[in-house]
Amino acid sequence: MRQIRVLVVEDSLVFRELMVQNLNKDPAIQVVAAVRDPFEARDALIEYKPDVMTLDLELPRMNGIDFLRMLMPQYPLPVVVVSGASDKVFDALNAGAVEFVEKPKATERSQLEAFVRNELPIKIKIASIAHIGNIKRASRTAVKPSVSIDNKEMIVAIGASTGGTEAIAAVIKEFGNDIPGVVIVQHMPAGFTEMYARRLDDECRVHVKEAKTGDPVLPGQVLLAPGGDAHMQLVRMNGGYQVICKKGPKVNGHCPSVDVLFHSVAEVAGKRALGIILTGMGGDGAKGLLAMRQAGARTIGQDESTCIVYGMPKVAYELGAVEYQEKLPDIAKRTYSILSKM
C-alpha cells in the first residue's frame, strides 16, 4: 500500500520534530519534509511533491492564510490546518484547506504525542482522498420561491462533515427569512461551532446561532449543533419545535451525530421535514436520512462532482435515502422548489 506523502509546515521546532517523529510511526504516512515557513514550503512542494500538507497559520515571513490563497490556484493539494482555537481556521477553509484540527493547549509531551499519533493522522488520511477540484464557490443570485411557503410547520435539517463548512455556507447564504427553521449538524470540535455560527450570522440573511437546549425552531433562523459531547435532537413542545442538546456517547464516531438529529426529525416532523446531506467522510446521517424519507420527508443529497469527500451522500444514496441528487450550487434552489409544493 502506497504511503501518504506529507509535508509539515510548522513554526515551532519542538512541535515540528514531534510531528515528524510520531506521524512517521503510522505505517500509512511518510513525512517527506518539515519546514518552518511558506517560503521553505514552496521549495519543498516542488522538490518532494507531497500528497498532503499540514499547515500552521501563525508562521514567520507570511501567514498561513495568505500562503494558502497564493498556493491553491497554482498548486492545489489537500491541506490540513493545525491551529489553535481561532476563527482564522474558517478563513483557511475558505482559502482552500479541506480539514482542520485544533492544536492541543497541553505542554506535556505525552499529551502532544497522543494528539499527533491519534487525531492528526485521521485528518491526514481523510484529506488524502479529498477531491480538491471540487472546491468551488456557489455564485448565484438569491433564490426566490415562486409559491409562498407555510414555514411555521415545516423544518429543514442539514448534515455535513469534511468540506461542510463551505458547503453549508453556500446553501444557507441563499436562504431568506421565509425559509422554515433550519437545524444543522456539522462535525466540528467544541468551541469552533460558536465561532462558525457567528461567522455565518454575519454573512447570511438568516439568523444563525449555536443551539442550546430549549431553543425554539423558528422561520428564518438556523440552529447549529454545538461541538463537543452532546447530540442535538428535535422535539415537539408548546405547539412548535424545539431542540435539546443532551450528552451522550459518540454515534458513528461522532458527537454530535447527523444520524441522531435526522432520526429525531423523522420521528417528530415526519412529512413536514426536508433533509439535506452534504459532503463528508463516512456514513453518518445516511440511515437517519432514510428514516426521514420513510416517514414522508423529502430529501436531497449533494452530488459527487461537487463534494470534497463523497462519503456521507454516497452512502445515503446507495441506501435509497436520497430523493434528489444536486450539485452544490443547485441545492438551495431545489430546497425552495420542494418547500413551495409541500
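The largest pocket of this predicted model is lined by 30 residues, and Lys123, His187, Met188, Pro189 and His254 lie nearest its centre. A pocket is here an open set of points, on a 1 Å grid over the protein atoms alone, with protein on both sides within 12 Å along at least five of seven lines; lining residues have an atom within 4 Å of a point. Its volume is about 770 Å³, taken as the space filled by probe spheres set on the points. By class, the lining comprises 12 nonpolar, 12 polar and 6 charged residues, where Asp, Glu, Lys and Arg count as charged, Ala, Val, Leu, Ile, Met, Phe, Trp, Tyr, Cys and Pro as nonpolar, and the others, Gly among them, as polar. Residues are numbered from 1 along each chain as its sequence is written. Local features need pLDDT of at least 70 and side-chain atom pairs 80 or more, while totals for chains, interfaces and linings use all residues, and side-chain values use heavy atoms, without hydrogens and water.

At least two lining residues come from each of β5 (99-102), α5 (109-128) and α6 (164-172); helices (H or I, at least four residues) and strands (E, at least two) are DSSP runs numbered from the N terminus. The greatest contribution is that of α5, with 4 residues.

In β5, Glu99 and Val101 point one way and Phe100 and Glu102 the other, and all are buried, that is, under 20% relative accessible area (1.4 Å probe, protein chains only). Strand β4 (residues 79-83) runs parallel to β5 and is joined to it by 4 bridges, at least two DSSP bridges being needed for two strands to pair. Val82 stands opposite Val101 in β5.

The structure holds 6 aromatic pairs, defined by ring centres of Phe, Tyr and Trp (its six-membered ring) within 6.5 Å; planes under 30 degrees apart count as stacked, over 60 as edge-to-face and the rest as tilted. Phe100 and Phe192 form a tilted pair, 4.8 Å centre to centre with 50 degrees between the planes. This pair links strand β5 to helix α7 (residues 192-203), 92 residues apart in the chain, and both residues are buried. The rings of Phe175 and Tyr336 have centres 6.2 Å apart and planes at 85 degrees, and the pair is therefore edge-to-face. Phe175 lies in the loop between α6 and β7 (181-186) and Tyr336 in helix α11 (residues 331-339), so the pair ties together parts 161 residues apart in sequence. Phe175 is buried, with a relative accessible area of 0%, and Tyr336 is buried at 2%. Ring pairs also link Phe90, Phe100, Phe192 and Tyr196 into a cluster.

Conventions:
On a 1 Å grid over the protein atoms alone, a cavity is a set of points where a 1.4 Å probe fits but cannot get out, and a pocket is an open set with protein on both sides within 12 Å along at least five of seven lines; lining residues have an atom within 4 Å of a point. Buried means under 20% relative accessible area, exposed over 50%, partly exposed in between (1.4 Å probe, protein chains only).
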